[in-house]
Amino acid sequence: KSLQEAIQSGAKNFYLKEFLNSKAKLDLQVIEKAIEICNKKDVKLILSTPRIIHNMYFEQYMSFLENVFSLPLDGILVSNLGVFDQVRSMTSIPIYTDFHLNVANSQSVAFLIEKRAQRITLSPELTMKQIKDINSKCNFPLEVLVHGVLPLMVSRHCILGSLLGERAQKVCSKPCLKYRARLKDRKGISFPIGVDAYCNMHIFN
């Protein structure tokens, strides 16, 4: 549904990733279907990798990517250095870096170019002046985020699971699938939260 809506809105690139508040991980069938839809509409499909992958999941995820790279993807968006390092030797498709790598200077851009990045997303903390300065020193495709909620932090401790999901008993009832939740700070400001397929809690602005 999100893919169809993006195409109807005129998107030329679509970043496919796992949804928050869903325990379903991406599989080859979902990716193949997304590729089929994008090819019909001349839209590039780019697989977005998880921001955090702990050691217990890393080899499993790399095996998944090996299978994914047999499909005609248009690119892969990496969000951590471990995945970035591995995929460079696994595929020849374009590798893009996400803002989670916190690129805030032209030296970081040069490093990622040397490591075969083909498009780089700058840190969302940069000012317009800082973005222009980096751009003036790099003859290279750079991306910036211009709207939408930004993740403030990721926590391995899931508050939803602890308070509502009986995680103390080591069997979570997955309240993240049932409720839309927010955290309220001492000033009364509330922040949306979501939980990914690996039970990491994401807090947004």
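# A strand, a sheet and a chain

Leu-183 is found in strand 8. Helices (H or I, at least four residues) and strands (E, at least two) are DSSP runs, numbered from the N terminus. This is a predicted model, in which local features need pLDDT of at least 70 and side-chain atom pairs count only at pLDDT 80 or more, while totals for chains, interfaces and linings use all residues. Residues are numbered from 1 along each chain as its sequence is written, and side-chain values use heavy atoms, with hydrogens and water left out.

## Around Leu-183

What does Leu-183 touch, beyond its neighbours within four places in sequence? Its contacts (heavy atoms within 4.5 Å) are Ile-159, Ile-189, Ser-190, Phe-191, Ile-193 and Ile-203. Leu-183 and Ile-203 are 20 residues apart along the chain, and their C-alpha atoms are separated by 8.1 Å.

Is Leu-183 buried, partly exposed or exposed? Its relative accessible area is 25%, so Leu-183 is partly exposed. The cut-offs are these: buried means under 20% relative accessible area, exposed means over 50%, and partly exposed lies in between (1.4 Å probe, protein chains only).

Strands of a sheet pair through backbone hydrogen bonds, either parallel or antiparallel. Here two strands count as paired if DSSP finds at least two bridges between them.

Now look at strand 10 (residues 201-204). Strand 10 pairs with strand 7 over 4 bridges, in the antiparallel sense. Across this pairing, Val-154 stands opposite His-202. Strand 9 (residues 190-195) is joined to strand 10 by 3 bridges, and these two strands also run antiparallel. There, Gly-194 has His-202 as its bridge partner.

How many residues lie between the strands in the hairpin of strand 9 and strand 10? The count is 5, and in this hairpin Cys-199 takes a positive phi near 65°.

In a regular strand the side chains alternate between the two faces of the sheet.

## Other sites

Ile-46 lies in strand 2 (residues 44-48). Not counting residues up to four places away in sequence, Ile-46 touches Asn-13, Phe-14, Tyr-15, Leu-16, Gly-75, Ile-76, Leu-77, Tyr-96 and Arg-119. Ile-46 and Ile-203 are 157 residues apart in sequence and 24 Å apart in space, C-alpha to C-alpha.

Two of the residues that Ile-46 touches, Tyr-96 and Arg-119, have a link of their own. The charged end of Arg-119 sits over the ring of Tyr-96, 4.0 Å from its centre. A charge sits over a ring if NZ of Lys or CZ of Arg is within 6 Å of the ring centre and within 35 degrees of the ring normal.

Ser-106 lies in helix 5 (residues 106-114). Leaving aside neighbours within four places in sequence, Ser-106 is in contact with Ile-134, Lys-137 and Cys-138.

A search of the whole structure finds 1 aromatic pair. The ring centres of Tyr-61 and Phe-64 are 5.6 Å apart and the planes stand at 45°, so the pair is tilted. Rings of Phe, Tyr and Trp (its six-membered ring) pair if their centres lie within 6.5 Å; planes under 30 degrees apart count as stacked, over 60 as edge-to-face and the rest as tilted. Why are Tyr-61 and Phe-64 about one helical turn apart? Because they are 3 residues apart in helix 3 (residues 55-68).

| Residue | Relative accessible area | Class |
|---|---|---|
| Tyr-61 | 5% | buried |
| Phe-64 | 17% | buried |
| Ser-106 | 17% | buried |
| Ile-46 | 0% | buried |

## The whole chain

The chain has 7 helices and 10 strands. Its radius of gyration is 18 Å, close to the 17 Å that the globule rule gives for 205 residues, so the chain is as compact as a globular protein of that length. This radius is taken over C-alpha atoms, and the globule rule is 2.2 Å times the number of residues to the power 0.38. Along the principal axes, the C-alpha atoms fill a box of roughly 50 × 40 × 35 Å. Of the 205 residues, 41% count as buried.
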